[in-house]
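This briefing sets out selected features of one protein model and its ligand. The points are grouped by topic for use beside the sequence and the structure.

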Amino acid sequence: MDIFVIQGPSRLKGRVEISGAKNAALPLMAASLLGEGPTTLCRVPDLADIRTMLELLGELGVAAAREQDGTVTLTPADADCSHARYDIVRKMRASVCVLGPLLARRGQARVSMPGGCAIGARPIDLHLRGLQALGAQIDLDQGDIVARAKRLRGATVFLGGPFGSTVLGTANVMMAAVLAEGRTVIESAACEPEIADLADLLNAMGAHVSGGGTPRLVIDGVDELTGADHEVIPDRIEAGTFLAAGALTNGELELSHCRIDHMLAVVEKLRETGAIVEPSNGGAVVAATRRVEPTDVTTQPYPGFPTDLQAQVMTLLALADGNSAVTEKIFPDRFMHVPELLRMGANIRKEGPTAIVTGVKRLVGAPVMASDLRASAALVLAGLIARGTTTVRRVYHVDRGYEHIERKLCDVGARIERLSE
Ligand code: EPU
């Protein structure tokens with residue numbers, strides 16, 4: 001297993017190119033199951049989760065070709081296997097987004113029921129309720145969801161849950177509805193840019209989806225879809241992580257290939273901490289010159305502050321000149337980074353879904369353990385600013401979602417070495 005050995009503190013300065021978004025690419029890749037011909041996606045990041053999705057699609061009869069520049073061509077070739085096995089789903093929950101396309105295109109799907117994960121319980125009841133509303137028969141057999149439908153029928157589906165809408169649930173129901181008979185209206189749909197991107201690909205494949213990126217999606221089913229060419233949107237979470245890194249290290253970073261309009265809540269919060277964040281040449285610049293100011297952050301569905309940046313911003317606030325409250329409204333247990341940050345000298349007290357962060361003047365290097373993707377990014381950021389050596393174990397979590405993170409950080413002044421343990 002690889003570890004990162006980080007020497008701090010460092011000040012980041014320079015240019016970083018943001019990769020295509022993992023959380024957009026995964027459902028886009030699943031959508032290739034719906035087409036009659038090849039779907040070509042550009043700017044697909046080279047990540048562990050993407051390789052897992054390629055493996056899954058391979059088992060489902062989709063031939064894949066990946067080029068060095070991140071272009072992936074997916075050609076549905078064989079419809080015999082419609083089983084997403086536990087061995088793959090347990091590695092990556094996002095595997096569940098093949099359920100909708102398999103059901104719509106092949107009339108059946110068997111997908112292992114995903115369990116919880118390090119960020120808490122993650123039910124998929126809304127996905128299943130939505131597919132049932134379209135006429136699917138759903139059973140549970142040996143830990144697998146077994147879904148069947150001769151042809152799905154359009155319906156009005158409400159996807160709101162106790163924590164807001166569901167991103168992958170919206171993707172699943174939308175991908176099922178594009179081949180259903182008649183009109184589907186999804187109310188309380190997720191508004192994340194990754195969902196709007198999926199709607200764009202589906203429309204390029206011949207679907208009739210309107211309202212992508214809003215809480216009301218209207219989908220008029222068609223009989224068949226073709227393949228299409230599509231470019232994956234930039235990763236707003238990777239971009240937000242680099243903005244936080246720039247602010248945290250009193251650095252100066254220019255991010256290219258990033259959509260600041262997808263990150264307005266994040267930009268606003270970083271400005272409240274005293275950082276300067278501005279659009280620049282189709283990207284963004286961040287600069288900071290003084291001690292972080294405290295602020296309160298509450299995670300919310302898009303366009304609110306994303307849960308996937310909560311941990312990284314907590315590292316920033318750990319160095320603020322005062323108290324901040326960080327409240328998690330999407331995954332109330334997503335605080336595995338807190339005990340690790342405490343090992344580095346942070347002062348954080350958890351009260352239910354809120355962490356009270358009392359800023360300290362400095363963090364100190366320590367051996368820490370990554371528990372999940374975003375928590376591990378928060379620990380890498382902490383290592384950049386901490387005095388001395390920080391060793392981050394289990395960096396395979398980081399590798400699931402950040403393309404060449406240590407290379408990108410080292411190019412702008414960080415001192416990180418990847419070693420095999
Ligand atoms: N929920 C339900 N029932 C459902 C589905 C979700 O109650 O059927 C709840 C969840 O437990 C959670 C909330 O609704 O409290 C939102 O979950 P959502 O379904 O939106 O999450 P997801 O689609 O499984 C995606 C991202 C996550 C990101 C969340 C929230 C992908 C591949 N994953 O997950 O990304 O945190 O949306 O924005 O798109 C990450 O990249 O590190 C990551 C975890």
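A residue counts as buried when its relative accessible area is under 20%, as exposed when that area is over 50%, and as partly exposed in between. Arginine 43 has a relative accessibility of 21% and therefore counts as partly exposed. The model is predicted, and the values below are computed from it. The ligand is surrounded by 24 residues, and the shell they form draws at least three residues from each of domain 1 (2–18 + 234–420) and domain 2 (22–231).

**The ligand and its shell**

- Among the 24 residues that surround the ligand, the closest are Asp125, Leu126, Thr166, Asp308 and Ile330.
- A nitrogen atom of the ligand lies 2.7 Å from an N or O atom in the side chain of aspartate 125.
- The side chain of threonine 166 places an N or O atom 2.7 Å from an oxygen atom of the ligand.
- A backbone contribution comes from proline 123, where a polar backbone atom is 3.3 Å from an oxygen atom of the ligand.
- The ligand taken alone exposes 820 Å², and the protein buries 92% of that area.
- Divided by class, the shell has twelve nonpolar, seven charged and five polar residues.
- At least two shell residues come from each of the helices α1 (22–31), α5 (125–133), α6 (167–177) and α12.
- Helix α5 gives the most to the shell, with three residues.

**Helix α12**

- Of the 13 residues of α12, 13 are buried, so the helix is largely enclosed by the rest of the structure.
- Aspartate 372 caps the N-terminal end of α12, with a side-chain oxygen 3.2 Å from the backbone nitrogen of arginine 374.
- Isoleucine 385 belongs to α12 and has a relative accessible area of 17%; since this is under 20%, isoleucine 385 is buried.
- The C-alpha atoms of isoleucine 385 and alanine 414 are 9.5 Å apart, although the two residues are 29 apart in sequence.
- Alanine 386 lies in the loop between α12 and β23 (388–393), and its relative accessible area of 0% makes it buried.
- Alanine 386 and glutamine 7 are 379 residues apart along the chain, yet their C-alpha atoms are separated by 8.0 Å.

**Cis peptide bonds**

- The peptide bond from glycine 8 to proline 9 is cis, with omega near -5°.
- Proline 9 is located in the loop between β1 (2–8) and β2 (13–17).
- Tyrosine 302 and proline 303 are also joined by a cis peptide bond, with omega about 10°.
- Proline 303 sits in the loop that runs between β18 (297–298) and α10 (310–317).

**Positive phi in residues other than glycine**

- Arginine 43 has a positive phi, near 60°, and is a residue other than glycine.
- The loop that holds arginine 43 lies between β3 (39–42) and α2 (48–59).
- Serine 188 likewise has a positive phi of about 60° although it is not a glycine.
- Serine 188 is found in the loop between β11 (183–187) and α7 (193–204).
- The relative accessible area of serine 188 is 23%, so this residue is partly exposed.

**Other pairs of residues separated in sequence**

- Leucine 134 is placed in the loop between α5 and β8 (137–141).
- Leucine 134 has a relative accessibility of 0% and so counts as buried.
- Leucine 134 and alanine 180 are 46 residues apart in sequence, and their C-alpha atoms are 7.7 Å apart.
- Arginine 343 belongs to helix α11 (residues 337–343).
- With a relative accessible area of 45%, arginine 343 is partly exposed.
- The C-alpha atoms of arginine 343 and glycine 365 are 8.6 Å apart, and 22 residues separate the two in sequence.

Key: Residues are numbered from 1 along each chain as its sequence is written. This is a predicted model: local features need pLDDT of at least 70, side-chain atom pairs count only at pLDDT 80 or more; totals for chains, interfaces and linings use all residues. Side-chain values use heavy atoms; hydrogens and water are left out. Buried means under 20% relative accessible area, exposed over 50%, partly exposed in between (1.4 Å probe, protein chains only). Helices (H or I, at least four residues) and strands (E, at least two) are DSSP runs, numbered from the N terminus. A polar contact is a pair of N or O atoms within 3.5 Å; within protein, one must be able to donate a hydrogen and the other to accept it, and residues adjacent in sequence count only if both atoms are side-chain atoms. A residue is near a molecule or strand if one of its heavy atoms lies within 4 Å of it. Accessible areas come from the Shrake-Rupley method with a 1.4 Å probe; for residues, only the protein chains shown count as cover. Ala, Val, Leu, Ile, Met, Phe, Trp, Tyr, Cys and Pro count as nonpolar, Asp, Glu, Lys and Arg as charged, and the others, Gly among them, as polar. Domain bounds come from an automatic or database domain assignment.
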